[in-house]
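Please look over the structure shown below and keep it in view while you read this briefing.

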Amino acid sequence: MYIVYESPLNMLCDSPSNYMCEEECTEFIATVPVVWDETIVLDGKVGEHIITARRKGTDWYIGGMTNWDDRLVEIDLSFLDGDTYRMELYKDGVNAGRVARDYKKENSIVTAGQNIMVRMAAGGGFALCLRPETN
């Protein structure tokens, strides 16, 4: 939601002590900018799902949300400039449709023009960050 929603004032929606249990997620949220240089809606249908990409400097953040339908989405990275990016992805875990706290973190290298597949559980979504790979 921090990526999809346009808001310069974001706040955590729960007791701060609950965020201490998921330190890597809290660290990711802290890196998400609140002001963007560019926004692209990559896919969506009103009332069903949305996938939004936002750029700050050379870093891209992509967020996706779905309604109560489980769905597999394909994200086309052809909008990227450059060759390779380090991707940090937070996506719904295998039990996320029943236990909302279930997530999986993945790190990988992707290239401009590549397509990536992400499954969103019912009522779920994903967030990822793409940073240019430096040699």
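Predicted model: local features only at pLDDT ≥ 70, side-chain atom pairs only at ≥ 80, totals over all residues.

Residues are numbered from 1 along each chain as its sequence is written, and side-chain values use heavy atoms, with hydrogens and water left out.

**The largest pocket**

- The largest pocket holds about 1,300 Å³ of space, where a pocket is found on a 1 Å grid over the protein atoms alone, as an open set of points where a 1.4 Å probe fits, with protein on both sides within 12 Å along at least five of seven lines.
- Its volume is the space filled by probe spheres set on the points, and grid points are joined across faces, edges and corners.
- The lining consists of 36 residues, and those closest to the centre of the pocket are Met-1, Tyr-2, Tyr-19, Ile-29 and Ala-100; a lining residue has an atom within 4 Å of a point.
- Two or more lining residues come from each of α1 (16-19), α2 (23-31), β3 (59-66), β5 (84-92) and β8 (125-132), where helices (H or I, at least four residues) and strands (E, at least two) are DSSP runs numbered from the N terminus.
- By type, the lining divides into 20 nonpolar, 10 polar and 6 charged residues; Ala, Val, Leu, Ile, Met, Phe, Trp, Tyr, Cys and Pro count as nonpolar, Asp, Glu, Lys and Arg as charged, and the others, Gly among them, as polar.

**Salt bridges**

- Side chains of opposite charge can pair when their charged atoms come close.
- The model has 12 salt bridges, each being a side-chain nitrogen of Lys or Arg within 4 Å of a carboxyl oxygen of Asp or Glu.
- One of them joins Lys-105 and Glu-24 at 3.8 Å, N to O; Lys-105 lies in strand β6 (residues 103-111) and Glu-24 in helix α2, so this pair ties together parts that are 81 residues apart in sequence.
- Lys-105 is partly exposed at 30% relative accessibility, and Glu-24 is also partly exposed, at 32%; buried means under 20% relative accessible area, exposed over 50%, and partly exposed in between (1.4 Å probe, protein chains only).
- Another salt bridge, at 3.1 Å from N to O, is formed by the side chains of Arg-86 and Glu-133, and the pair links distant parts of the chain, with Arg-86 in strand β5 and Glu-133 in the segment after β8, 47 residues apart.
- A network of salt bridges links Glu-24, Asp-59, Glu-88, Lys-105 and Arg-131.

**A buried arginine**

- Arg-71, which is placed in strand β4 (residues 71-76), is buried yet has no salt bridge, and the nearest side chain of opposite charge, Asp-69, is 4.0 Å away; for charge, Lys and Arg count as positive and Asp and Glu as negative, while His and the chain ends are not counted.
- The side chain of Arg-71 does make a polar contact with the side chain of Asn-67, at 3.2 Å; a polar contact is a pair of N or O atoms within 3.5 Å, and within protein one must be able to donate a hydrogen and the other to accept it, with residues adjacent in sequence counting only if both atoms are side-chain atoms.

**A tryptophan in a loop**

- Trp-36 lies in the loop between α2 and β1, and at 14% relative accessibility Trp-36 counts as buried.
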